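Here are my notes on the model, point by point. Please keep the structure open as you read.

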Amino acid sequence: MFMPIYLIDQAIRTMSIALDFEPYRINTVEPIRISTRQERRRWLQEVEFNLFRLPAERVMIDLITDSGTGAMSSAQWSAMMRGDESYAGSASYQRLKEVCNDAFGIGNVIPTHQGRVSERLLVETIIGAPHAGRGMIVPNNAHFDTTRRMIEQSGAQAVNVLCMGGEGASVIAPFKGNVDLRQLEELLCERGEDVPFVMVTVTCNSNGGQPVSLENLRGVRKLCNRFGKMLFLDGCRFAENAWLIKEREARERDRGVRQIVREMFDLSDGAAMSARKDGLCNCGGLLLVRDEALYQKACGLCVLTQGFQASYGGVAGRDMEAMAVGVQEAMDESHLSCRVRGIARMEQRLIDAGVPVVRPAGGHAIYLDAEEFCGHLTPGDHPAQSLVCALYEHGGIRASRIGSVLRNERGQLLELVRLAIPRRVYTPAHLDYVVEVIIELRERVSAIKPAKMQVVEVKCGLEAALEIV
Ligand code: F0G
């Protein structure tokens with residue numbers, strides 16, 4: 001007979017140690033090729049200082065984007081094995097539809113291969129073919145590059161209605177991604193007839209991954225109702241936005257992330273989103289459209305350029321399986337808490353060391369103010385590109401020079417370097433190393449030389465490949 005043995009005195013009923021570790025074990029690893037400074041200097045010259053041309057194995061810590069670069073879970077990989085590749089009636093599509101219905105309350109789903117395709121379908125469905133949008137205007141807290149281009153290609157104007165302070169790099173506020181409701185109201189009053197729909201980007205990548213509060217979204221919805229407008233989310237980072245609402249919006253603190261996500265989407269008429277961020281996938285996107293007639297129209301357009309919408313859109317059945325699992329894992333609070341805490345820790349260490357960063361850090365990246373960082377360089381010296389090259393040469397870290405809407409005190413657009421953190425890829429030790437490299441570079445900043453470059457062509461988003469001559 002077994003007697004119960006208590007190894008711990010019953011007096012100890014609670015644990016006071018925080019569960020401050022990654023909520024996963026690593027079961028597949030990818031080696032990092034350790035390189036020397038001399039090698040990196042040579043490699044940098046070989047690619048003419050354009051880090052987009054650099055072979056990835058020559059990078060030690062790759063923070064060029066958080067898009068499509070996350071680690072998938074064992075549940076996602078195993079779900080992929082049951083991918084149903086049927087042209088019509090795919091079970092994988094059904095599963096994805098059920099997940100979207102459950103998470104977002106919208107079952108009209110078109111899978112796409114990435115976010116920008118969802119944006120194109122949305123614009124073509126509501127506005128029409130190129131030039132059909134002449135005279136129209138689409139407001140958004142801040143349009144991401146691809147969304148802006150898609151809207152402008154239709155002939156319409158893409159306008160940002162970001163809240164006061166949202167463009168200030170040093171303004172510390174919890175919801176710098178909020179829409180300026182007064183500005184939106186004025187726009188709808190003056191140009192309401194010309195507005196085909198309103199968009200809100202959650203989180204707002206263009207000013208540092210800043211969240212939008214639930215209260216603000218409710219305000220946008222109210223205005224949309226008053227003026228009879230549809231509201232679409234750019235929902236790439238929907239889960240991070242929901243987590244930051246839970247952390248920063250006092251009235252929402254006791255709600256679960258799933259509930260908050262559901263309300264965010266309940267307030268909308270649909271969403272265009274990339275699944276390469278919070279969808280935790282290496283490829284994929286979603287277009288969600290609540291209105292049945294519009295959805296049918298979008299399906300008609302999808303079949304022309306993507307594939308049969310009611311089975312696969314533009315992706316394989318296995319990728320739909322990965323998305324279905326990823327969307328659910330993205331809302332796991334221990335994952336979100338660990339991710340956001342890790343980024344906040346980097347932010348705090350950098351601030352303590354006097355490094356100029358965009359504050360507060362949002363959900364997916366650290367943004368460095370390159371002009372202030374490299375105070376010895378002039379704007380003509382391309383401080384952001386110089387810093388990107390220096391980070392690589394000094395520490396083997398690949399970051400990106402990124403366009404933004406952020407401005408300095410003089411109202412000038414900021415030169416930013418973004419260090420985007422891929423999901424579930426790097427450990428705190430990797431991130432500590434990144435912080436140390438930045439701090440050391442800051443201490444030796446006068447050694448950073450101007451990047452000799454000429455911007456020949458700037459395309460969309462991160463494909464903004466700079467031709468450096
Ligand atoms: N919307 C936002 C807010 C984004 O950040 C992105 C992509 C897209 C739309 C387009 O999605 O790449 O799947 O077609 N952002 C990436 C980045 C490129 O690095 O921030 P996609």
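1. Start with a strand pair. Ala 272 stands opposite Leu 287 in β8. Strands β7 (residues 270–274) and β8 (residues 285–289) run antiparallel and are joined by five bridges. Strands here are DSSP E runs of at least two residues, helices are H or I runs of at least four, and both are numbered from the N terminus.

2. This is a predicted model: local features need pLDDT of at least 70, side-chain atom pairs count only at pLDDT 80 or more, and totals for chains, interfaces and linings use all residues. Residues are numbered from 1 along each chain as its sequence is written, and side-chain values use heavy atoms, without hydrogens or water.

3. Now the sheet. Its five strands are ordered β2-β8-β7-β6-β5, open, with mixed pairing. Pairing takes at least two DSSP bridges between two strands. β2 (109–112) and β5 (197–201) are the edge strands, each pairing on one side only.

4. Which strands does helix α10 lie across? Helix α10 (residues 292–305) lies across β2, β6 (230–234) and β8.

5. Look at helices α14 (residues 383–395) and α15 (residues 428–443). Their axes (lines fitted to C-alpha atoms over the stretch in contact) come within 10 Å and cross at roughly 115°. α14 and α15 are therefore roughly perpendicular (65 to 115 degrees).

6. Confidence (pLDDT, from 0 to 100) averages 93 over the chain, and 94% of residues reach 70 or more. Treat residues 456–469 separately: pLDDT stays under 50 there.

Note on methods
Axes are lines fitted to C-alpha atoms, for helices over the stretch in contact, and angles run from 0 to 180 degrees between N-to-C directions. Angles under 35 degrees count as roughly parallel, over 145 as roughly antiparallel, 65 to 115 as roughly perpendicular and the rest as oblique. pLDDT is the predictor's confidence in each residue, from 0 to 100. Contact means heavy atoms within 4.5 Å.
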